[in-house]
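Colleague: I would like to learn how to read features off a model. Can you take me through one?

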Amino acid sequence: MNEYLYQEIVVGQEEGFSKEITVEMENLFRNMTDDCNPLHWDDAFAKDVGNFDSHVSFGMLSASLLSTLAGVYLPGKYSLIHSIDNISFRKPVFAGDLLYISGTVTDKQDGLNLILVKVKMTNQHNKTVLTADMKILVKK
């Protein structure tokens, strides 16, 4: 876990990590949220209604990795997410996809100890699957 202090963070700084989406993760997410939409578990349904080869993973499961980006990597230990804006699900994610989640500091607001982070999530084919803008308070 990173422990960047506000004064150590610079505009242009980037951090990232990889995470594979698994069926087990989808099942845990489904049980937690009660989202039983067949698009997220029924391969035949997903093929029929969306022309996908298999079921589509939950968009919010992928988006939940933004918490890891802020809380573990940028800035890490002293973070508190203020907001996530302009989130865009660019391409579907499937079980077995290896995602790379990266964030780049685009601005700092000194009076608030707030950093602005541009987020990009890509899959193993280097296709962008999610983009967002995060505002993160750095508590130390």
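Modeller: We will go through a helix, the strand pairing and the ring contacts. Keep in mind that this is a predicted model.

Colleague: Start with the helix. Which residues of α1 are buried?

Modeller: First the general idea. An α-helix has 3.6 residues a turn, so residues three or four places apart point the same way. Now the case here. Helix α1 spans residues 23–33, and its buried residues are M25, E26, F29 and R30. They cover an arc of only 135 degrees around the axis, which puts them on the same side of α1.

Colleague: What does the face turned away from the buried side carry?

Modeller: That face of α1 carries the exposed residues E24, L28, N31 and M32.

Colleague: And what do the buried residues of α1 pack against?

Modeller: Two elements: β1 (14–20) and α3 (59–63). Look just past the helix end too.

Colleague: Now the strands. How many bridges pair β1 with β3, and in which sense?

Modeller: The general idea: in a regular strand the side chains alternate between the two faces of the sheet. Here, β1 pairs with β3 (residues 98–109) over 7 bridges, in the antiparallel sense.

Colleague: How many bridges join β3 to β4?

Modeller: There are 9, and these strands run antiparallel. Strand β4 covers residues 114–122. D107 stands opposite L116 in β4. The hairpin of β3 and β4 has 4 residues between the strands. N113 in this hairpin takes a positive phi near 55 degrees.

Colleague: On to the rings. How many aromatic pairs does a search of the whole structure find?

Modeller: It finds 3. To classify a pair, check the angle between planes: under 30 degrees counts as stacked. Take F17 and Y73. Their ring centres are 4.7 Å apart and their planes at 5 degrees, so the pair is stacked. F17 lies in strand β1 and Y73 in helix α4 (residues 65–73), so the pair ties together parts that are 56 residues apart in sequence.

Colleague: Is F17 buried or exposed? And what does Y73 count as?

Modeller: The cut-off for buried is under 20% relative accessible area. F17 has 8% relative accessibility, so F17 counts as buried. Y73, at 24%, counts as partly exposed.

Colleague: Which residue lies over the face of Y6?

Modeller: K108 does, at 4.2 Å from the ring centre.

How values were computed
Residues are numbered from 1 along each chain as its sequence is written. This is a predicted model: local features need pLDDT of at least 70, side-chain atom pairs count only at pLDDT 80 or more; totals for chains, interfaces and linings use all residues. Side-chain values use heavy atoms; hydrogens and water are left out. Buried means under 20% relative accessible area, exposed over 50%, partly exposed in between (1.4 Å probe, protein chains only). The arc is that of the directions from the helix axis to the C-beta atoms. Contact means heavy atoms within 4.5 Å. Two strands pair if DSSP finds at least two bridges between them. Rings of Phe, Tyr and Trp (its six-membered ring) pair if their centres lie within 6.5 Å; planes under 30 degrees apart count as stacked, over 60 as edge-to-face and the rest as tilted. A charge sits over a ring if NZ of Lys or CZ of Arg is within 6 Å of the ring centre and within 35 degrees of the ring normal.
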